[in-house]
Amino acid sequence: MTEDVVMKTRGYTLFYGGFKALNDITMDIPVNSITAIIGPSGCGKSSLIRSFNRMNDLIVDSRVEGTILVDDEDIYSKDVVELRKKVGMVFQRPNPFPKSIFDNVAYGPRIHGTRDRSKLAAIVEKSLRDSALWDEVKDDLDKSALSLSGGQQQRLCIARALAVEPEVILMDEPASALDPVATLKIEELMEKLKRKYTIVVVTHNMQQAARVSDYTAFLLTDVDRAGNLIEFGRTSEIFTKPVDKRTEDYISGRFG
Amino acid sequence: MQRRKRQFDTAMKYSLLFAALASMLIVLMIGVFTFREALPAFRHIGLEKLLTEPVWRPGQEQYGILAMIAGSGLVTLGSVILGVPLALGCAIFLSEIARPRVRAVVKPCIELLAGIPSVVYGLFGMVVIVPIVRQIEVPGNTGFGLLSASIVLAIMILPTITSVSDHAIRSVPKEYREGSLAMGATKWETVSRVVIPSARSGIISAVVLGLGRALGETIAMIMVIGNSVIIPAAASSNPLTIFLSRARTLTGNIAVEINYATGLHQSALFATGVILFLLIMIVNSSARYLMSRGGMRKSG
């Protein structure tokens, strides 16, 4: 691949205590693209995506071998706060804070030092426009974020992530808790966002991976139940002429 | 067989309903009987005089409980000022910072505090707190008074506020913490800006439960507060010395005098009880109001 690469994993191996969750993952995430991570339940998709912003640090007894580079910097050698500013995350279940819509989006900028009210207002508007939520909420910025619908809440969480101007947005099954219409909106939004950001998305929905992603990583557990990267490549190729037999079996729905 | 089961269901339903009604009835009866005994006092002294008259001298037919209202109010305020930060600190430590093994030791210790009889707190106050407070050099300071009582009371409400707040903080969804940390917030930013505000209504109810306990505490207060029927006042130009003043609580007033009181005096003590009852009801309902208004509720 000749594209610019924003994130690289190099022999990345993750342990939870004595259990090996990911085994020797090496792949490159190209910039301004959508990379989908697919695979059956328990294959380590979520563990992998949560590695890019070191969310696995929260798990007691987690341990890694190998490394991950973001902009050619080892993520374990830099401050985790700086890393998470650069690599934002959207979760499976929409998790807006029980605060107003405004305060949700302003949360990141505030903790990173922006105090000026008009500056914050500008950031909030821009982030909500970028997440295609502005028109729906512009008159209700003081309303509780929890009064929004599930799909709106998820777009609010995307806006919240955008507000700190990350380079990468990690999305861990962002639409799995949403109805088809809301899912479609999130997918359209991802298409739009990839012009400015790099997106990594975990999905168990094969059609979704095929629809939205440019690259696909296929993970599968080995005999020790550790997740291995079976195949990584352009989505068009993975879905039409996969190299590995197991990939073909999986995408054609023979298991998983 | 089916019919038998259905009959059993119905029987259970009514016996449980009876249990619920019985507890309601008891509350009602306590209210009614206390009020009935207090009625002569309300009739002959009058509510206004009772509440505003600063002198309580039953021998001379002077029945003002203002001093006791001030005493209860100030000692409760003192205990909240001292106890709430401590209890919240404990709760945050237990729920957010302590590793499971530390928590397994500290939490039972704090809960044990709730099981100590209040007379033992009173003894502790008399032999430990009072002598320390006596060291403060202010004219007339004996150690017995509002400050000692506030300290003892702060310790007494600690377990209630700590356990309820700890529970509230631990009920905050993990997703909120993750959302905040993923934004690059530190642990402390996450706790102070997301976790605590999300647990706000639970923390408010914790504080109010503590308030209720503080207002109702009797024997430990009698033992350390000095029991003088005076409206507490500062002993010097420093207004804080008001807390070195002796005082008497509403509860203490009843407990100290009820054994020998007769006639109107006895009725006035029941009236003190009615007012205590009302105060606690006001505290509880204002808390309920705050809670309903405070937290942003989930509605969709």
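Tutor: In chain B, 74% of the contacts between residues at least 6 apart in sequence join residues at least 24 apart. Keep in mind that this is a predicted model.

Student: What makes two residues count as being in contact?
Tutor: Their C-beta atoms, placed from the backbone, lie within 7 Å. By that test, the share of contacts joining residues at least 24 apart in chain A is 69%, among those at least 6 apart in sequence.

Student: How do you know that chain A agrees with a compact globule?
Tutor: For 256 residues, such a globule would have a radius of gyration near 18 Å, and chain A has 18 Å, so the two agree. The C-alpha atoms of chain A fill a box of roughly 55 × 40 × 35 Å along the principal axes.

Student: Why is a residue called buried?
Tutor: Because 20 or more other C-beta atoms lie within 10 Å of its own. Buried residues are 47% of the 256 in chain A and 39% of the 300 in chain B.

Student: How many helices and strands does chain B have?
Tutor: Chain B has 12 helices and two strands. Chain A has 10 helices and 10 strands.

Student: Which elements of chain A give two or more residues to the side touching chain B?
Tutor: In total, 24 residues of chain A are in contact with 17 of chain B. The elements are helix H2 (80–86), strand S6 (87–90) and helix H3 (101–111) of chain A. By class, this side of chain A has 11 nonpolar, eight polar and five charged residues.

Definitions and conventions
Residues numbered from 1 in each chain as written. Chains lettered and ligands numbered in written order. Predicted model: local features only at pLDDT ≥ 70, side-chain atom pairs only at ≥ 80, totals over all residues. Helix = DSSP H or I, 4+ residues; strand = E, 2+ residues; numbered from the N terminus. Nonpolar A, V, L, I, M, F, W, Y, C, P; charged D, E, K, R; others polar. Rg over C-alpha atoms; globule rule 2.2 N^0.38 Å. Buried ≥ 20, exposed ≤ 12 C-beta atoms within 10 Å, placed from the backbone.
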